[in-house]
Amino acid sequence: MDIKDLKAEWQKAGSGSVNEETLKLMTKISQHPTLRKLRIKLISEAIFLIILLFVYYDGFDGDKKPIYVNVLLVLSILLYITNNFLGFLFIKNPVRGNNIIVSLQKLCLVLKRMTVFSLLSSTIYAATLIFYFSVSVEFTFLKYILLGTMMLIFVIISFFSYKKWKQKIDYFSHVLSAYIKDVA
Amino acid sequence: MEEKFLKILKENQNILHKISRLYRDSHDDQQDLFQEIVYQLWKSFPAFRGDAKISTWIYRVALNTAIASFRKAKISTDHFDSIPEQLQHNDNSGISENEERLFAALRKLNDSEKAIISLFLEDYSYQEIATITGITENYVGVKINRIKEKLKMIINK
């Protein structure tokens with residue numbers, strides 16, 4: 001089969017008729033295969049965290065903790081919500097340039113920034129939570145073990161989160177380099 | 001505007017079908033990508049001023065989306081060591097079977113090669129391919145020759 005046959009085969013391929021009504025539905029975020037689920041997750045998490053912000057003061061002895069610890073907790077929760085929201089926006093907009101190379105370059109740059117911001121906000125969030133529940137607590141050996149375990153779990157989660165981000169960056173950098181090496 | 005968009009999309013949806021089949025293996029993933037491309041096209045439609053052909057704009061957004069959008073499970077799409085049957089034997093095969101083999105061969109290429117060869121097979125000029133991909137016009141030719149060789153090897157394997 002020569003290139004003419006391949007062209008002919010390609011040009012007649014792609015049959016399949018999706019009607020206008022279905023196409024119209026596809027333009028809605030509520031019908032999007034990934035974004036719909038992500039939006040539900042984002043909203044549920046945000047509602048849960050906002051409720052937590054309203055009840056923690058009475059529920060978790062906020063009045064017995066120093067003011068700065070309360071402020072830190074509120075800020076870290078808001079930072080975490082912001083991070084989730086930015087992540088959603090990032091996934092919602094994969095096309096970032098007028099051509100594939102520019103788009104991939106911007107994508108890699110945003111991914112790197114997102115990695116730093118995501119890991120940073122998660123670290124601040126987890127550290128503040130641990131700090132909040134540790135302040136004004138008299139530590140026993142068992143409580144130290146508990147604290148150590150929580151920190152260890154957080155480090156492991158962060159490590160896998162970093163690995164996941166790095167995998168995405170490596171993948172897009174690899175695709176980009178396949179174009180760039182031909183331009184150079 | 002929505003009506004105009006839907007009309008354009010309906011007339012050019014074969015591009016979306018081809019790109020979805022080229023960049024995703026399973027039927028479910030192809031459907032998801034098709035939907036993702038429709039969504040991205042709708043979002044960027046207000047910015048389309050008609051400077052380029054409508055099909056060129058669709059290809060640009062579709063390829064960008066296929067490459068840049070996140071995939072569910074794995075990244076690599078390499079499934080086969082060789083194509084199930086030789087592509088050149090089209091005497092007894094039906095069109096869809098041949099088409100399936102063509103896509104199986106094309107899916108063996110990497111993401112950047114897929115974008116370039118799809119535009120080439122669609123009969124786009126080197127200049128148009130350069131505009132959509134971002135590589136220089138000179139290298140489009142070099143790249144296409146390399147991909148053709150690779151494709152020949154895949155098909156004849």
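What share of the contacts in chain B with a separation of 6 or more comes from residues 24 or more positions apart? Such residues account for 67% of those contacts, a contact being heavy atoms within 4.5 Å. This is a predicted model, in which local features need pLDDT of at least 70 and side-chain atom pairs count only at pLDDT 80 or more, while totals for chains, interfaces and linings use all residues. Residues are numbered from 1 along each chain as its sequence is written, chains are lettered from A in the order in which they are written, and side-chain values use heavy atoms, with hydrogens and water left out.

**Chain B as a whole**
- Chain B has 7 helices and 0 strands, where helices (H or I, at least four residues) and strands (E, at least two) are DSSP runs numbered from the N terminus.
- Of its 157 residues, 54% count as buried, that is, under 20% relative accessible area with a 1.4 Å probe, protein chains only.

**Between the two domains of chain B**
- Chain B is divided into domain 1 (1-77) and domain 2 (83-157), with bounds from an automatic or database domain assignment.
- The two domains bury about 1500 Å² between them, of which carbon and sulfur atoms give 53%; buried area is the accessible area (1.4 Å probe) that two parts lose on being put together, summed over both.
- On the domain 1 side, B:Arg21, B:Leu22 and B:Tyr59 lose the most area to domain 2, together 44% of what that side buries.
- Across this interface the rule finds 5 salt bridges, each a side-chain nitrogen of Lys or Arg within 4 Å of a carboxyl oxygen of Asp or Glu.
- The side chains of B:Asp25 and B:Arg107 meet in a salt bridge at 3.6 Å, N to O.
- Helix 1 (2-23) and helix 3 (54-68) of chain B are the elements that give two or more residues to the side of domain 1 that touches domain 2, and helix 3 gives the most, with 6 residues.

**Between chain B and chain A**
- The contact takes 61 residues from chain B and 49 residues from chain A, and the two chains bury about 5200 Å² between them, 65% of it on carbon and sulfur atoms.
- The rule finds 3 salt bridges across the interface of chain B and chain A; B:Glu2 forms a salt bridge with A:Lys24, the closest N and O atoms being 3.9 Å apart.
- Helix 1 of chain B gives the most to the side of chain B that touches chain A, with 11 residues.

Technical notes
Buried means under 20% relative accessible area, exposed over 50%, partly exposed in between (1.4 Å probe, protein chains only).
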